[in-house]
Amino acid sequence: MDDGVKLVLISFVELYKRDFLTGSLECLKPRGYMVSFGMSSGAVDPVPLSTLYPKSLFLTRPSLFEYTKTRDELLEAAGEVFANIASGILKVRVNHKYPLSQAAQAHADLESRKTRGSVVLIPDGYYEL
């Protein structure tokens, strides 16, 4: 019998949608994990601890900075990321490329939410975009 999922990853923006949050908690199996991440749109509404009790759920809001406080931690984490890229476990997608001379346009597009995912500025003349 399928009694739910073990893990829900939820972006910061989605926590604004109370129905989405409620549905995400409901779909978790007992002792499941909800991980909230991202910082795109202000403060998140509080989540009452009583909503976690019925199924002994875990809710966490990790910060990258807590995992990379020291130089050694940062180098270890970066090494793992680059090793996973090299082995093909992680795929790097570049969603938007701008010549460095169009940095102002890249910023304008970011601010107006015309972009999704990664945005990379390429030095002019480096290679064809």
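## Ser56 and the S2–S3 loop

Ser56 sits in the loop that runs between S2 and strand S3 (58–60). Helices (H or I, at least four residues) and strands (E, at least two) are DSSP runs, numbered from the N terminus. The model is a predicted one, in which local features need pLDDT of at least 70 and side-chain atom pairs count only at pLDDT 80 or more, while totals for chains, interfaces and linings use all residues. Residues are numbered from 1 along each chain as its sequence is written, and side-chain values use heavy atoms, with hydrogens and water left out.

Ser56 is not a glycine, yet its phi is positive, at about 55°. Most residues other than glycine have a negative phi. With a relative accessibility of 43%, Ser56 counts as partly exposed. Here buried means under 20% relative accessible area, exposed means over 50%, and partly exposed lies in between (1.4 Å probe, protein chains only).

## Arg31 in strand S2

Arg31 also has a positive phi, near 65°, and is a residue other than glycine. Arg31 belongs to strand S2, which covers residues 28–37. Its relative accessible area of 57% makes Arg31 exposed.

## The chain as a whole

The protein chain contains 4 helices and 5 strands. Read from the N terminus, the order of elements is β-α-β-β-α-α-β-α-β. Of its 129 residues, 17% count as buried.

The protein chain exposes about 10,000 Å², and carbon and sulfur atoms supply 59% of that area. Accessible areas come from the Shrake-Rupley method with a 1.4 Å probe; for residues, only the protein chains shown count as cover. Among contacts (heavy atoms within 4.5 Å) between residues at least 6 apart in sequence, 57% join residues at least 24 apart.

## Salt bridges

The structure holds 2 salt bridges. A salt bridge is a side-chain nitrogen of Lys or Arg within 4 Å of a carboxyl oxygen of Asp or Glu. One of them joins the side chains of Lys29 and Asp3, at 3.9 Å from N to O. Lys29 lies in strand S2 and Asp3 in the segment before strand S1 (5–11), so this pair ties together parts that are 26 residues apart in sequence. Lys29 is partly exposed at 28% relative accessibility, and Asp3 is partly exposed at 44%.

Another salt bridge links Lys69 with Glu66, where the closest N and O atoms are 3.3 Å apart. Lys69 is exposed, at 57% relative accessibility.

## Charges without a salt bridge

Asp109 lies in helix H4, residues 103–111. Asp109 is buried but has no salt bridge, and the nearest side chain of opposite charge, Lys114, is 4.4 Å away. Lys and Arg count as positive and Asp and Glu as negative; His and the chain ends are not counted. Residues up to four places away in sequence aside, Asp109 touches Tyr98, Lys114 and Thr115.

On the surface, Asp72, Glu73, Glu76 and Glu80 gather in a patch of negative charge. Patches are made of residues with over 30% relative accessible area and no salt bridge; like charges are joined within 9 Å, and nonpolar side chains (Val, Leu, Ile, Met, Phe, Trp, Tyr) within 5 Å. The place of a charge is taken as NZ of Lys, CZ of Arg, CG of Asp or CD of Glu. Asp72 is part of helix H3, residues 71–87, and is exposed with a relative accessible area of 62%.

## Two further loop residues

Thr68 lies in the loop between helix H2 (64–67) and H3. Thr68 is buried, with a relative accessible area of 18%. Leaving aside neighbours within four places in sequence, Thr68 is in contact with Glu73, Leu74 and Ala77. Thr68 and Ala78 are 10 residues apart along the chain, and their C-alpha atoms are separated by 9.4 Å.

Arg116 lies in the loop between H4 and strand S5 (119–122). Arg116 counts as exposed, at 69% relative accessibility. Not counting residues up to four places away in sequence, Arg116 touches Asn95 and His96. Between Arg116 and Val94, 22 residues apart in sequence, the C-alpha to C-alpha distance is 9.9 Å.
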